[in-house]
Amino acid sequence: MKQCKTIEEIRKEVSQFKREGKTIAFVPTMGALHEGHLSLIKLAGSKADEVVVSIYVNPEQFGPNEDFEDYPRQLEDDIQACKDAGCTIVFTPDDEIMYGSGKKYLSVQVKELNTHMDGGSRPGFFEGIVLVVNKLFNIVEPDFAVFGQKDIQQVQIIRQMVKEFNHNVEIVMAPIKRAEDGLALSSRNAYLSQEERRVAPYLYSALKRVEEKVNQGLMEPEDMLELQREELKAKGFKNDYLSVFSFDTMSPVNKLEKGERYILAGAAYLGKTRLIDNLILDL
Ligand code: AMP
C-alpha cells in the first residue's frame, strides 16, 4: 500500500492505474477508523481492482460550535488498518493541499435535501461535504465510491451531486456495522463515558420498535415515535429528531403508503456526544 500526501502524487498513481485498464473504488473517510469503515474498504475491494481511501478531517463540514478540534485523530493506526483491509492507496492530504490559502470565489449550495434530518440540525454541514467530495472525486476519478448507510442523507445528497455535476462514478451504499448490542459504530463513540456507552444502544432499540409496529401495519407512526422520544428522554438522551422521512426527498412523512420506501432516522445527544442511526423501511 502506498501513502500519497499531495494531489500530484495521487494523480500519478491514478493515471498509472487507468493506463493499465484498472478500475478504482474510493472510500472517503475522516479517519479514526473502525469496523464500519473497514467494511466499506472491503466492499470497495470486491468492486474494483484498486482501492483508494482518503483520510481527511474536513474543516468545512464542521459548524463553529462543533467538535473539529476534538475529533479523534490517529493517522498511524489508520494507515495500518487501511493496509490490512486491502487498500492500495491511502490519500492523506492536509488543509493546505485540499483548500490552499488563496481567497475563494466559488461555493456550492445544497437545497431542500438538507432541510431536515442532519442538514436541519447542522447548517452548512452538507455544503461542506459536497465541496470536499466533489474535490476528492476530481482528484481520484474513481469508478465506484462507497459510502455508509449510517450517514444516509449524505449518500442521497452525494447521489444527487453525481447526477447534477456529471461525475462518472457509481455510488455504492454499504450497510451499517453495529456493535453486538446494536449501537452503530462511529468514530464519535470514543467520546462516550462508560455509563453513556451502556445507554447508547437504546437509540437503535427505539428505531427497531417503531419498525416492528410499521411492519405490523401501523401507517401513521407519530404516536409511536412520540412514545419512543419520551423513552429516550427518560434514559438520559437529549433528542434532536426521531421521525420517518421520504427516501428520496428526506422530508418528514406522517402517513406511510404501501409500495413506498422511507428512512426511519434518529439523532440524539448523550452528554456532548451526538449519535445518529437509521433504518430503511421498504413497505
Ligand atoms: P466518516 O469517517 O465518519 O466520515 O465516515 C466515513 C464513511 O464511513 C462514511 O461513508 C460513513 O457513512 C461510513 N461509516 C461510518 N460509520 C459506519 C458504520 N457503523 N457502518 C458502515 N459505514 C459507516
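**View 1. The two domains of the chain.** Domain bounds here come from an automatic or database domain assignment, and by that assignment the chain is divided into domain 1 (2-174) and domain 2 (187-282). This is a predicted model, in which local features need pLDDT of at least 70 and side-chain atom pairs count only at pLDDT 80 or more, whereas totals for chains, interfaces and linings use all residues. Residues are numbered from 1 along each chain as its sequence is written, and side-chain values use heavy atoms, with hydrogens and water left out. Taken over C-alpha atoms, the centres of domain 1 and domain 2 are separated by 26 Å.

**View 2. The area between domain 1 and domain 2.** About 1,800 Å² is buried between domain 1 and domain 2, where buried area is the accessible area (1.4 Å probe) that two parts lose on being put together, summed over both. Carbon and sulfur atoms give 54% of this area. In domain 1, the residues that lose the most area to domain 2 are His116, Met117 and Gln156, together 29% of what that side buries.

View 3. An oxygen atom of the ligand lies 2.9 Å from a backbone N or O atom of glycine 148, and an oxygen atom of the ligand is 2.6 Å from a side-chain N or O atom of aspartate 151. At leucine 185, a polar backbone atom is 2.8 Å from a nitrogen atom of the ligand.

Note on methods
A polar contact is a pair of N or O atoms within 3.5 Å; within protein, one must be able to donate a hydrogen and the other to accept it, and residues adjacent in sequence count only if both atoms are side-chain atoms.
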